[in-house]
Amino acid sequence: MASSGLPLEGVRVVEMTHMVMGPSCGMILAQLGAEVIKVEPPAGDKTRSLGGMGISFFPLFNRGKRSLILDFAKAEDRETMHRLLATADVFLENFRDGQLQKQRLGADELRKRHPHLIVVGHEGFLSGPYEHRPALDEVVQMMSGLAAMTGTTQKPQRVGSSANDIMGGMFGAISILAALYQKRSGRAEGTDIRIGLFENCLFLVAQHMVEYEMTGNRPRSMPERDHAWPIYDIFDTVDGNRIFIGVVTEGHWQSFCSEFGLREFLDDPTLRTTTDRILSRGKIIPRVADVIGRCNVGELCEKLDRLNICFSPINRPEDLFSDPHVLRPGGLVNNFNADGSRFRVPALPVEWNGVNIGEGLKVPPLGADTAAIRAELAVNNNPNGARKRP
């Protein structure tokens with residue numbers, strides 16, 4: 001999609017973040033059309049050099065941005081940062097409290113010099129007893145109960161991606177959109193926003209907290225929970241694969257049993273209601289597993305799709321590069337790493353006027369835009385920020 005068709009065109013974001021949560025916020029804003037200028041130290045963002053499971057962090061979460069090198073040990077670069085902020089709408093940061101104050105970029109200094117600015121801090125914890133602590137995705141998953149709900153009583157388990165960090169970036173983007181709307185309506189100038197990684201994770205487990213609040217019963221983890229449906233399980237197939245099947249309505253129950261030769265369940269007077277079937281899972285599941293175990297996964301997918309029953313083969317991430325829905329036009333977009341190599345990535349999970357977003361984004365080489373941005377600031381040379389903002 002051409003940048004002229006994106007909703008945040010004309011919004012300038014200055015980003016001074018690292019790792020995942022802050023950069024993911026900037027990445028979302030960049031895909032929506034904002035100009036995102038990533039300020040890096042002379043050695044570059046440390047995630048640029050990560051390997052192993054972290055190798056995707058920098059390219060994935062920094063696509064579509066410009067890279068500016070500033071050395072805050074130099075007074076002139078600290079002043080350049082303020083001249084840049086004078087032209088910006090949003091400032092993103094995710095440093096521990098006190099670090100930005102040392103660079104004269106603390107909240108009080110920013111509000112005094114840039115009253116128009118939307119300042120967004122991605123923190124470990126919001127204000128309170130823990131606000132001084134550092135945090136990681138895995139740490140707050142353990143603290144919030146998410147790991148306990150994902151794993152078992154004996155073995156808490158984090159979810160299999162940086163889901164909480166990414167969701168924190170999403171809340172940052174949502175808050176920024178709200179603040180831009182508020183400014184446009186004339187109800188505010190600048191805004192101070194903080195996003196907490198722990199509080200974000202707490203939001204994810206609210207459904208279990210409220211369950212306890214309403215019932216007094218301790219929620220059981222996902223692997224140990226009581227099932228709400230008679231068939232809601234993973235089954236082995238004859239070709240060595242596995243498939244998840246969820247039979248959740250009366251119509252599904254009727255059609256599933258008819259299709260897979262389970263007439264005895266339909267004729268059984270003790271299985272008339274969904275509650276009857278849930279209480280009889282000990283009888284139902286072994287019989288269903290036996291039937292499903294005689295089929296191959298392709299055959300099962302075809303039948304269940306035709307019956308409109310929820311199902312999924314148990315995929316791994318690499319399997320998705322051959323999934324027909326992922327491979328539909330626009331499902332994957334081509335982006336380019338800092339060295340020019342191409343990589344495919346899922347499009348932003350939004351269709352904007354029927355079009356997918358994110359094609360052709362580039363990861364900036366370190367400092368690639370430093371000269372150009374310095375030249376722009378030299379031309380403007382207006383400490384009060386004459387640039388028109390939304």
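Reply: For lining residues, Ala, Val, Leu, Ile, Met, Phe, Trp, Tyr, Cys and Pro count as nonpolar, Asp, Glu, Lys and Arg as charged, and the others, Gly among them, as polar. By these classes, the lining of the largest pocket holds 29 nonpolar, nine polar and four charged residues. The model is predicted: local features need pLDDT of at least 70 and side-chain atom pairs pLDDT 80 or more, while totals for chains, interfaces and linings use all residues. Residues are numbered from 1 along each chain as its sequence is written, and side-chain values use heavy atoms, with hydrogens and water left out.

A pocket is an open set of points on a 1 Å grid over the protein atoms alone, with protein on both sides within 12 Å along at least five of seven lines; a cavity is a set where a 1.4 Å probe fits but cannot get out, and lining residues have an atom within 4 Å of a point. Points are joined across faces, edges and corners, and a volume is the space filled by probe spheres set on them.

The largest pocket holds about 1,600 Å³ of space. Its lining comprises 42 residues, and those nearest its centre are Leu60, Phe61, Ile166, Val345 and Pro346. Two or more lining residues come from each of helix H1 (21-31), helix H2 (57-61), helix H8 (163-184), strand S11 (342-346) and strand S12 (348-352). Helices (H or I, at least four residues) and strands (E, at least two) are DSSP runs numbered from the N terminus. H8 gives the most to this lining, with five residues.

The second largest pocket holds about 590 Å³. It is lined by 26 residues, with His18, Asn94, Ala135, Leu136 and Leu197 closest to its centre. Strand S5 (118-123) and helix H6 (137-144) are the elements that give two or more residues to this lining. By class, the lining of the second largest pocket has 10 nonpolar, seven polar and nine charged residues.

Helix H11 (residues 250-259) lies across S7 and S8, at about 130° to S8. Contact here means heavy atoms within 4.5 Å; axes are lines fitted to C-alpha atoms, for helices over the stretch in contact, and angles run from 0 to 180 degrees between N-to-C directions. Helix H15 (residues 297-306) lies across S8 and S9, at about 20° to S8.

The sheet is open, with three strands in the order S7-S8-S9 and antiparallel pairing; two strands pair if DSSP finds at least two bridges between them. Strand S7 (231-236) and strand S9 (310-313) are its edges, each pairing on one side only. Six bridges join S7 to strand S8 (residues 242-247), and Ile234 has Phe244 in S8 as its bridge partner.
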